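Me: I would like to learn how to read charged side chains in a model. Please take me through salt bridges and surface patches.

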Amino acid sequence: MEPLKEARNRVEGSSSSDNSNGRTSDGGRRSPTNCLIKPPVKKNTIPIDLKLRAVERARFAHQVAEKRRLIKQYKMERERQQKLEEEEEIKRLRKELIPKAQLMPYFDRPFVPRRSEKQPTVPREPKFCIPRHKTIKCCRCHAMT
């Protein structure tokens, strides 16, 4: 227990081992116990009023509940507006897309295709041989040639 009291005294600045120039006896170095001990914590002098805190907490809880209710109401209103817009869009599309009958073709003038004015294509022979620059080169191929 004595080393702890000594370390506390060093932290507070009233150590008996201090020299007159402000240095410790070990040449200005702090001992390991001195670094580990923290200064005493200041006591809270403000009294806690539990009734006041309960009232503030209730007010905060009411504000949170009100905010959540407003968010829920806003979501429902937005969904309702979106649903109405979709229904209006469907009604508009149904009016525009009324199926109309196709005109009947004229059978008294039958369709006769005309001959094309372009020249027919000329067929070419396929090339089955592989060009020299695309062949696989190996030692046997060169030895044979």
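Me: What should I know about the model before reading it?

Reply: This is a predicted model, in which local features need pLDDT of at least 70, side-chain atom pairs count only at pLDDT 80 or more, and totals for chains, interfaces and linings use all residues. Residues are numbered from 1 along each chain as its sequence is written, and side-chain values use heavy atoms, with hydrogens and water left out.

Me: How many salt bridges are there by the rule used here?

Reply: A salt bridge is a side-chain nitrogen of Lys or Arg within 4 Å of a carboxyl oxygen of Asp or Glu. By this rule there are 4 salt bridges. One of them pairs arginine 69 with glutamate 66, at 2.4 Å from N to O.

Me: Where do arginine 69 and glutamate 66 sit relative to each other?

Reply: Helices are DSSP runs (H or I, at least four residues), numbered from the N terminus. Arginine 69 and glutamate 66 are 3 residues apart in helix α3, so about one helical turn separates them.

Me: Which residue forms a salt bridge with arginine 80?

Reply: The partner of arginine 80 is glutamate 77, with the closest N and O atoms 2.6 Å apart. Both residues lie in helix α3, again 3 residues apart, about one turn of the helix.

Me: Why does arginine 80 count as partly exposed?

Reply: Buried means under 20% relative accessible area, exposed means over 50%, and partly exposed is in between (1.4 Å probe, protein chains only). Arginine 80 has 42% relative accessibility, so it counts as partly exposed. Glutamate 77 is also partly exposed, because its relative accessible area is 35%.

Me: Which residue does glutamate 89 bridge to?

Reply: Glutamate 89 forms a salt bridge with arginine 92, the closest N and O atoms being 2.5 Å apart. Being 3 residues apart in helix α3, the two are separated by about one helical turn. Salt bridges with shared partners join Glu89, Arg92 and Glu96 into one network.

Me: Which residues form the negative surface patch?

Reply: Patch members have over 30% relative accessible area and no salt bridge, and like charges are joined within 9 Å. Asp and Glu count as negative, and the charge of Glu is placed at CD. Here the negative patch consists of Glu85, Glu86, Glu87 and Glu88. Glutamate 87 lies in helix α3, residues 50-96, and counts as partly exposed because its relative accessibility is 38%.

How values were computed:
Patches are made of residues with over 30% relative accessible area and no salt bridge: like charges are joined within 9 Å, nonpolar side chains (Val, Leu, Ile, Met, Phe, Trp, Tyr) within 5 Å. Accessible areas come from the Shrake-Rupley method with a 1.4 Å probe; for residues, only the protein chains shown count as cover.
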